[in-house]
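This report goes through a few features of one structure, starting with a charged pair and its surroundings. The sequence and model come first.

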Amino acid sequence: MPDKEEIRGCAIRKDLYYRVEDHTWVKVNDDGTVFVGMTDVAQNMAGPLLHAKAKGPGTKRDKGKPIATVESGKWVGPVKAPISGEIIEVNSKVAQDAKLINQSPYNEGWIVKMKPSNLQAELAEMQTGEAAVEAYRQKIEKEDLKACVHVEGFEA
C-alpha cells in the first residue's frame with residue numbers, strides 16, 4: 001500500500017505528482033506514459049459523481065487545458081491536464097460509472113492515460129512526497145476546505 005497522509009480526512013499519496021491548484025495527480029509508469037486523475041480533495045468537493053466524459057484517444061492537450069468534464073449533483077467542471085501530451089487511453093470503467101472516482105481516486109478511478117510531451121520539465125513544476133502534503137495542507141487551511149467524507153469502499 002502506498003505511503004499516504006491525511007489532512008482533514010483527505011488522503012494525499014506521497015508517490016504521486018500533484019498540480020495542487022487544479023486538484024489533479026500524475027502517476028508515472030515504467031514505459032514513460034502517465035495516468036492522470038482527480039485528487040481525493042477534488043472528488044470530495046464535487047460530491048458523488050454522476051458522469052465523467054474524457055476527451056478521446058489521440059487528443060493532444062497542453063498543460064492546464066481540459067482533458068475531461070465531470071458532473072455531480074452540485075457541480076459540473078473540467079479536469080485540467082496537469083501535463084502536456086496526447087491522450088492514449090480513456091478509463092472505460094470511469095466512463096461507465098463516474099462514482100469510481102469517488103471510491104478510488106488514486107487507483108481504479110484514473111481518468112486518462114497520456115503520452116507526455118514534456119514530462120521531466122513539467123514534473124519539476126509539480127509537488128510530490130512531503131512537499132505535496134505540505135502544499136495541500138496549506139491550500140486546505142487557507143481555503144478552509146471541508147473535511148473529506150468517503151463513500152463506502154473508499155481506497156486511497
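## Lys14 and its partner

Lys14 is buried, at a relative accessible area of 19% (buried means under 20% relative accessible area, exposed over 50%, and partly exposed in between, with a 1.4 Å probe and protein chains only). Its side chain meets that of Glu5 in a salt bridge, 3.6 Å from N to O; a salt bridge here is a side-chain nitrogen of Lys or Arg within 4 Å of a carboxyl oxygen of Asp or Glu. Glu5 is partly exposed, with a relative accessible area of 24%.

## Basis of the model

The model is predicted: local features need pLDDT of at least 70, side-chain atom pairs count only at pLDDT 80 or more, and totals for chains, interfaces and linings use all residues. Residues are numbered from 1 along each chain as its sequence is written, and side-chain values use heavy atoms, with hydrogens and water left out.

## Other salt bridges

The whole structure holds 12 salt bridges. In one of them, Asp144 pairs with Arg8, the closest N and O atoms being 3.1 Å apart. Asp144 lies in the segment after H5 and Arg8 in the loop between strand E1 (4-7) and E2, so this pair ties together parts 136 residues apart in sequence. Helices (H or I, at least four residues) and strands (E, at least two) are DSSP runs, numbered from the N terminus. Asp144 is exposed, at 57% relative accessible area, while Arg8 is partly exposed at 36%.

Glu134 and Arg137 also form a salt bridge, at 3.5 Å from N to O. They are 3 residues apart in helix H5, about one helical turn. Salt bridges with shared partners join Asp3, Glu5, Lys14, Glu130, Glu134 and Arg137 into one network.

## The disulfide

A search of the whole structure finds 1 disulfide, meaning a pair of cysteine sulfur atoms within 2.5 Å. Cys10 and Cys148 form it, with their sulfur atoms 1.9 Å apart. Cys10 lies in strand E2 (residues 10-13) and Cys148 in the segment after helix H5 (129-142), so the link ties together parts that are 138 residues apart in sequence. The link is right-handed, with 95° about the S-S bond. Both Cys10 and Cys148 are buried.
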